[in-house]
Amino acid sequence: MTVRHFLADDDLTPAEQREVLDLAMALRGDRLARRPLEGRRDAPGAIAFITDKPTLRTQLSFAGAIADLGGQPIVVDGNLAQIGARESVEDTARVLGRQVAAIVWRTYGQDRLETMAAHAGVPVVNALTDAYHPCQILADLVTIAQHRGGVAALPGTTLAYVGDAGNNMAASYLLGGATAGLHVRIGGPEGFRPDPGVLTRAARIAERTGGSVVSVTAPEEAVSGADVVATDTWVSMGDDAAGRETVFEPYQVNAGLLAGAAPDAVVLHCLPAYRGKEITEEVLEGPRSVVWDEAENRLHAQKALLAWLLEEGARG
């Protein structure tokens with residue numbers, strides 16, 4: 001059996017990403033249309049969700065997705081399990097892989113996730129690491145498709161992300177956006193720019209899909225004419241907040257910055273949002289904001305991803 005993992009956005013080819021997005025859109029209309037975990041007699045029907053970091057949307061949406069797929073979510077508190085300290089990642093992977101159909105892990109280093117995938121023998125999904133947040137980008141692509149003409153309309157769409165351009169969200173927008181054929185512009189100050197290796201990977205993908213990627217320092221340049229404007233908190237988990245607000249203040253998504261985007265541009269924020277910092281109350285609660293659809297679409301996108309991974313393995 002072929003075991004497929006989703007550790008970074010480009011683990012899916014453009015064609016595979018489209019399959020997942022099409023399925024997610026279908027599951028928006030019929031939540032229980034795909035139930036690959038229901039009534040299993042020859043394989044586990046549970047999926048482990050492990051969290052080493054605070055979580056609301058991720059835990060909620062994955063637990064709901066697993067239940068909708070006919071399975072049982074098993075939530076593991078990473079602080080109690082102490083994976084990598086009390087017990088090695090390798091040994092934990094071998095234990096979990098014999099008892100569950102897949103493993104979803106919200107953790108710190110990407111290396112931890114890769115080690116889990118190397119030893120588990122079942123699909124491993126990145127629910128967030130310091131390097132990437134690929135399930136969030138799948139949900140964002142579903143949200144853009146929902147509001148801008150469907151999955152087929154994604155190629156050629158311009159997405160601008162402004163703020164901390166060196167964080168996991170920026171990296172995943174580059175890779176996931178390029179895979180979908182988007183024109184991705186990342187705007188952030190010096191010292192907070194994308195990883196050059198991620199930019200190179202994204203550019204190579206964009207050459208195949210007809211998209212493009214660019215990193216700029218001027219927020220106005222990033223947002224100019226954009227169809228989608230996205231941002232994220234200026235202070236990621238574990239970061240030092242001191243001095244960041246002054247550096248990022250010009251990148252706040254407010255009415256003035258948004259005026260430079262396309263007239264029908266939509267606004268994304270993966271949440272939690274800090275009103276008056278990276279985004280204003282006026283914009284977050286305004287008519288262009290689709291953040292609540294975006295939060296809901298975590299459920300549909302992750303459900304589609306899990307179904308695809310499980311069924312891909314069965315086909316293999």
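The model is predicted, so a word on reading it: local features need pLDDT of at least 70, side-chain atom pairs count only at pLDDT 80 or more, and totals for chains, interfaces and linings use all residues. Residues are numbered from 1 along each chain as its sequence is written, and side-chain values use heavy atoms, with hydrogens and water left out.

Let's begin with the open sheet of 4 strands, which has the order E2-E1-E3-E4 and parallel pairing. Strands here (E, at least two residues) and helices (H or I, at least four) are DSSP runs, numbered from the N terminus. Two strands pair if DSSP finds at least two bridges between them. Strand E2 (72-77) and strand E4 (124-128) are the edge strands, and each pairs on one side only. On average, neighbouring strands of this sheet are turned by 20° against each other, direction ignored. Strand E1 (residues 46-51) and strand E3 (residues 102-106) run parallel and are joined by 5 bridges. To find this pairing on screen, look for Thr51, which stands opposite Arg106 in E3.

Helices pack on this sheet too. Helix H2 (residues 57-68) touches E1, E2, E3 and E4, and its direction makes about 175° with that of E1. Helix H5 touches E1, E3 and E4, with its direction at about 160° to that of E4.

Helix H4 (residues 89-97) and helix H5 (residues 110-120) pack at an angle of about 45°, their axes 8 Å apart. H4 and H5 are therefore oblique to each other; angles under 35 degrees count as roughly parallel, over 145 as roughly antiparallel, 65 to 115 as roughly perpendicular and the rest as oblique. H4 contributes Val89, Glu90, Thr92, Ala93, Arg94, Leu96 and Gly97 to the contact, and H5 contributes Arg112, Thr115, Met116, His119 and Ala120. These contact residues divide into 5 nonpolar, 4 polar and 3 charged, where Ala, Val, Leu, Ile, Met, Phe, Trp, Tyr, Cys and Pro count as nonpolar, Asp, Glu, Lys and Arg as charged, and the others, Gly among them, as polar.

Now turn to the open sheet of 5 strands, in the order E7-E6-E5-E8-E9, where the pairing is parallel. Strand E7 (212-216) and strand E9 (266-269) stand at its edges with a single partner strand each, so one side of each is left without a neighbour in the sheet. From one strand to the next, the twist averages 20°. Strand E5 (residues 158-162) is joined to strand E6 (residues 183-187) by 5 bridges, and the two run parallel; Val162 stands opposite Gly187 in E6. E6 also pairs with E7 in the parallel sense over 5 bridges, and Arg185 has Val214 in E7 as its bridge partner. Helix H6 (residues 134-147) lies across E5, strand E8 (228-231) and E9, running at about 160° to E9.

Finally, two backbone details are worth a look. A cis peptide bond, with omega about 0°, joins Leu271 and Pro272, and Pro272 is found in the loop between E9 and helix H12 (281-284). Gln82 has phi near 55°, a positive value in a residue other than glycine, and lies in the loop between helix H3 (78-81) and H4.

Technical notes:
Axes fitted to C-alpha atoms, helices over the stretch in contact; angles between N-to-C directions. Contact = heavy atoms within 4.5 Å.
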